[in-house]
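Work through the exercises below with the sequence and the 3D structure at hand. Try each task before reading its solution.

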Amino acid sequence: MSVEFNHTIVLSQDREKSARFLAGILGLEVGEPAGVFLPVTTANGVNLDFATVDIDIPPQHYAFLVSEGEFDAILARLVKDGIPIHADPHGRHPRRINRGDGGRGVYFRDPSGHGMEAFTRPYGSDPASPLNSVTEDVPGAR
């Protein structure tokens, strides 16, 4: 059997709020609760199992490889919902997306402060792309 990533636990201040936020932005469904976990499953079968905890949560980073069409829909939902976006994980390029490897990428925060990323090309897939280091303004973005 080959090694496959199956699931991860996403600590949150409110599992329902965080799971519904991410599922809504990514166009996914929230699954049935499994004990303390509330799952959101990606197309390749990986579960993000949201759990509510009453502690300070160190921010984690979760990245999602999506198609161009899915990216358009995700970006539209982020703009429509007034979710602040950035072209980089450090927030130095607000209201912009990046064009890394000739694709498109966007960063945003979930309700618990985790850094979320949606991108259309795997990192390093086109290191010679003239679009590397390019960012683009997103009209209407926060």
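The second largest pocket has a volume of about 180 Å³. Here a pocket is an open set of 1 Å grid points where a 1.4 Å probe fits, with protein on both sides within 12 Å along at least five of seven lines. The volume is the space filled by probe spheres set on the points. The model is predicted, so local features need pLDDT of at least 70, side-chain atom pairs 80 or more, while totals for chains, interfaces and linings use all residues. Residues are numbered from 1 along each chain, and side-chain values use heavy atoms, without hydrogens and water.

**Exercise 1.** Find which residues lie closest to the centre of the second largest pocket.

*Solution.* Start with the lining, meaning residues with an atom within 4 Å of a point. It has 13 residues. Closest to the centre are Ala 87, Asn 98, Gly 100, Tyr 123 and Ser 133. Then sort the lining by class: four nonpolar, six polar and three charged.

**Exercise 2.** Describe the lining of the largest pocket.

*Solution.* The volume is about 410 Å³. Next, count 16 lining residues, with Thr 42, Asn 44, Ala 63, Phe 64 and Leu 65 nearest the centre. β4 (61–65) and α2 (68–80) each supply at least two. β4 gives the most, four residues. By class, 12 are nonpolar, three polar and one charged.

**Exercise 3.** List what Phe 64 touches beyond its neighbours within four places in sequence.

*Solution.* Contact means heavy atoms within 4.5 Å. The partners are Leu 22, Leu 26, Thr 42, Leu 48, Met 116, Glu 117, Ala 118 and Phe 119.

Technical notes. Ala, Val, Leu, Ile, Met, Phe, Trp, Tyr, Cys and Pro count as nonpolar, Asp, Glu, Lys and Arg as charged, and the others, Gly among them, as polar.
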